[in-house]
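This report concerns one protein model and the ligand that accompanies it. Please keep the sequence and the structure in view while reading.

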Amino acid sequence: MKHPYAPHLALAHTYWKKHLLPTDFAIDMTCGNGHDTLVLHQLLPEGEVFAFDIQPSALQNTEERLQAHRGGCKVRLFLHSHANWDEAHPLPQAPRLIVYNLGYLPGSDKTVTTQTASTLQSLAKAIAALSIDGALSITCYPGHLIGKQEEKAVLDWASELPSAKWEVCLHRWINRVDAPSLRWVGRKL
Ligand SMILES: C[S@@+](CC[C@H](N)C(=O)[O-])C[C@H]1O[C@@H](n2cnc3c(N)ncnc32)[C@H](O)[C@@H]1O
């Protein structure tokens, strides 16, 4: 894996693999270069994925990455902010997994980064739309100012979720300043 902080992504993918069933519906809220969308595609051979990004080049890159792996999972790409992801429909079923890999695209324009307000807006809609045993996977990158603010806001938001209904876990690699972090937010049955 090319990303310099691969352990948090590898861990996220392990969660996804354990959680998802082949016929599930999942959403990738920030598809970027399509690495995560491809993982979802491979985990859902009879399922469906919606993938969002606000950059046409991101959708193009995701489309190209998926081309060699067509068949099985149905993937729909949307040039659309994840803040208004609920305008993309019909949803095939309630999503069992919604994935946020926040921040900016490595090697791309760093000013095109996810923003706290729209991320929180998206999360509020996501958590309401999840299936009864659905989950969120949220990766944050506090290595830049906007990412640091966004991570704090997402942490505050996730910490407030009632423990009777949600299990919320935080993973962080602790021997590196401003290392990326992963939150797993699972709905309790
Ligand atoms: C860290 S990258 C995602 C990497 C991607 N998951 C992959 O596997 O390559 C973050 C992405 O979020 C996108 N983004 C920024 N603001 C967004 C928004 N409001 N809605 C959807 N995507 C957004 C950026 O364009 C960027 O591609």
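The sections below treat the ligand site, the aromatic pairs, selected strand residues, the cysteines and the backbone.

The model is predicted, so local features need pLDDT of at least 70 and side-chain atom pairs count only at pLDDT 80 or more, while totals for chains, interfaces and linings use all residues. Residues are numbered from 1 along each chain as its sequence is written, and side-chain values use heavy atoms, with hydrogens and water left out.

**Ligand site**

The ligand is surrounded by 22 residues, the closest being Asn-33, Asp-36, Asp-53, Gln-55 and His-82; a residue is counted here if one of its heavy atoms lies within 4 Å of the ligand.

| Residue and part | Ligand atom | Distance |
|---|---|---|
| His-35, backbone N or O | oxygen | 3.1 Å |
| Asp-53, side-chain N or O | oxygen | 2.6 Å |
| Asn-101, side-chain N or O | nitrogen | 3.5 Å |

Of the 610 Å² of accessible area that the ligand has on its own, the protein covers 95%. Accessible areas come from the Shrake-Rupley method with a 1.4 Å probe, and for residues only the protein chains shown count as cover.

His-82, one of the closest residues to the ligand, is found in the loop between strand S3 (74-79) and strand S4 (97-101). Strands (E, at least two residues) and helices (H or I, at least four) are DSSP runs, numbered from the N terminus. With a relative accessible area of 6%, His-82 is buried; buried means under 20%, exposed over 50% and partly exposed in between, with a 1.4 Å probe and protein chains only. Contact means heavy atoms within 4.5 Å. Leaving aside neighbours within four places in sequence, the contacts of His-82 include Met-29, Thr-30, Tyr-100 and Leu-102, as well as Thr-114 and Ser-118.

**Aromatic pairs**

How many aromatic pairs does the structure hold? There are four. Rings of Phe, Tyr and Trp (its six-membered ring) pair if their centres lie within 6.5 Å; planes under 30 degrees apart count as stacked, over 60 as edge-to-face and the rest as tilted.

Phe-25 and Phe-50 form an edge-to-face pair, because their ring centres are 4.9 Å apart and their planes stand at 80 degrees. This pair links distant parts of the chain, with Phe-25 in strand S1 (residues 25-28) and Phe-50 in strand S2 (residues 48-53), 25 residues apart. Both residues are buried. The rings of Phe-52 and Phe-78, by contrast, have their centres 5.0 Å apart and their planes at 20 degrees, so this pair is stacked. Phe-52 lies in S2 and Phe-78 in S3, so the pair ties together parts that are 26 residues apart in sequence. Phe-52 and Phe-78 are buried as well. Through ring pairs, Phe-25, Phe-50, Phe-52 and Phe-78 are linked into a cluster.

Leu-182 belongs to strand S7 (residues 181-187) and is buried, at 1% relative accessibility. Beyond four places in sequence, Leu-182 is in contact with residues including His-8, Tyr-15, Thr-139 and Cys-169.

Thr-139 lies in strand S5 (residues 135-140) and is likewise buried, at 3% relative accessibility. Not counting residues up to four places away, Thr-139 touches Leu-182, Asn-101 and Tyr-100, among others.

**Cysteines**

Which number of disulfides results if a disulfide is a pair of cysteine sulfur atoms within 2.5 Å? The count is zero. Cys-31 is in no disulfide, and the nearest cysteine sulfur, that of Cys-73, is 13 Å away. Cys-31 is buried, at 3% relative accessibility. For Cys-169, the closest cysteine sulfur is that of Cys-140, 14 Å away and therefore too far for a bond. Cys-169 is partly exposed, at 31% relative accessibility.

**Backbone features**

Most residues other than glycine have a negative phi, and most peptide bonds are trans. The peptide bond from His-89 to Pro-90 is cis, with omega near 10 degrees, and Pro-90 lies in the loop between S3 and S4. Asp-178, a residue other than glycine, has a positive phi near 55 degrees. Asp-178 is placed in the loop between strand S6 (166-172) and S7, and is partly exposed, with a relative accessible area of 31%.

Conventions: A disulfide is a pair of cysteine sulfur atoms within 2.5 Å. A polar contact is a pair of N or O atoms within 3.5 Å; within protein, one must be able to donate a hydrogen and the other to accept it, and residues adjacent in sequence count only if both atoms are side-chain atoms.
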